[in-house]
Amino acid sequence: MTLITDIRLRRILDSRGNPTVEADVVTESGGFGRAAAPSGASTGEYEAVERPPSEAIAAAREHAVPRLVGEVYAGNQRDVDAALHAADGTDDFSEIGANSAVAISMAAAKAGADVLGAPLFQHLGGTFRGDGFPIPLGNVVGGGEHAADATDIQEFLAAPVGAPSVADAVFANAAVHAAVADLLEERDVPCGKGDEGAWAPSIDDGEAFEIVAEAVSMVQDEVGFNIGFGLDVAGAELYDSDSETYEYSDRSRDTDEQIAYIADLVEEYDLVYVEDPLDEDDYDAFADLTDEVGDQTLICGDDLFVTNTDRLIEGIDRGAANSILIKPNQIGTLSDAFDAIELATENGYDSVVSHRSGETEDATIAHLAVATDAPFIKTGAVGGERTAKLNELIRIADDAT
Ligand SMILES: C=C(OP(=O)(O)O)C(=O)O
Ligand SMILES: [Mg+2]
């Protein structure tokens, strides 16, 4: 029933107005799945390769489609993803493009679920998946590679760790986002939004800390549950490998100073989550920081691990970080993303399933986070391509998919 009988690939728009790859997968019994590849701006050096969409589509039509159509069952995700690897023949999807691969992989999963008549999270997670729901991390102020002339730190995140339900958490993040706008207006700071819908004011990081801390505390008082504060520093974007320093607008920090700075921030703001505080090549510095504050907060590797089990093994061996960001397009298939989550869980690392800064209305990651019992999902706070995932999480929790 789930034998793949057709795959269609096309270019569609992403949230930045760039083209991206969308895949449709059809099965023998009429099952249908559609998915689209997201795209990063602050991409890690070791990510699988995203090719220009028209090239990725042409290469996937030539190499991957013939290996899948009439050959592989969409219900067997491992076979689908093995066929994608075999069709590509490289170790980084540089032939068919990780964008074609991930779109096909996710569309096949949806087609499999469609035939089975099960919601995607259940198809992926199985009957005996846990009953937890991920806490959404909401990007409320941001800069870095996601907005010009804004903060140095890429993302200031609300983390509603005490929310009694997914819906409460989602609305709390939106309320923090709105409270930030009020506080910026009070200070006469004009601003637009960055790529992920976070406010992107032209203020320094110190002022952003003040504003987000105040907004979090205001909303926490209103809703009556604990809302934490988190960061994605995107350290690799700040790091200058020639001078071996982290370059902020107002000063430089060497690696020891960067570790001390982040450890101080963890103390001062009681941070519950810190992503990529250091450069993507510096496992040792990640390990030192994890040693210092890893019992108080999550130190998450995004560009450090790029959803890659080889890089995660290195991190586990060296004690670098205590959580991993999971972005399926960094590695190219759902099976590879699952492997990274499984390895992380076995070794006591938390998994945080994540969107990219360039997104579509595809909501696969909401299902992936629920299927794998991930404790957190990072998918923005507002904006159509972000709310597509947040609203899907609410529907899943409401059993209304
Ligand atoms: C979502 C992120 O940004 P991008 O997609 O630009 O890598 C991130 O760095 O976590
Ligand atoms: Mg990141």
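Colleague: Which hand does the crossing of α1 and α4 have?

Modeller: This is a predicted model, in which local features need pLDDT of at least 70, side-chain atom pairs need 80 or more, and totals for chains, interfaces and linings use all residues. Residues count from 1 along each chain as written, chains run from A and ligands from 1 in written order, and side-chain values use heavy atoms without hydrogens or water. With the near helix turned clockwise from the far one by less than a right angle, the crossing of α1 and α4 is right-handed.

Colleague: Which residues of α4 meet α1?

Modeller: By class, this contact (heavy atoms within 4.5 Å) has five nonpolar, two polar and no charged residues. Pro53, Ala56, Ile57 and Ala60 of α1 meet, in α4, Asn99, Ser100 and Ile104.

Colleague: How many charged residues does the contact of α6 with α7 have?

Modeller: Helices α6 (166–186) and α7 (205–223) pack at about 130° with axes 8 Å apart, and are therefore oblique. The residues in contact include Ala172, Leu183 and Leu184 of α6 and Ile211, Glu214 and Met218 of α7. Asp, Glu, Lys and Arg count as charged, Ala, Val, Leu, Ile, Met, Phe, Trp, Tyr, Cys and Pro as nonpolar, and the others, Gly among them, as polar. The contact has twelve nonpolar residues, no polar ones, and for charged residues the count is one.

Colleague: And how many charged residues are in the contact of α10 with α11?

Modeller: The axes of α10 (283–293) and α11 (309–318) come within 10 Å and cross at roughly 50°, and that crossing is right-handed. Tyr283, Asp284 and Ala287 of α10 contact Arg311, Glu314, Gly315 and Arg318 of α11. Two of these residues are nonpolar and one is polar, and the charged residues number four.

Colleague: Where is Glu196 found?

Modeller: The unreviewed UniProt entry annotates Glu196 and Lys327 as "active site"; such annotations may be inferred rather than shown by experiment. Glu196 is in the loop between β6 (191–193) and β7 (199–201).

Colleague: How far apart are the end C-alpha atoms of residues 4–124?

Modeller: The unreviewed UniProt entry annotates residues 4–124 as "domain: Enolase N-terminal". The span is 42% helix and 20% strand, and the distance between its end C-alpha atoms is 18 Å.

Definitions and conventions
Axes fitted to C-alpha atoms, helices over the stretch in contact; angles between N-to-C directions. Helix = DSSP H or I, 4+ residues; strand = E, 2+ residues; numbered from the N terminus. Parallel < 35°, antiparallel > 145°, perpendicular 65-115°, else oblique.
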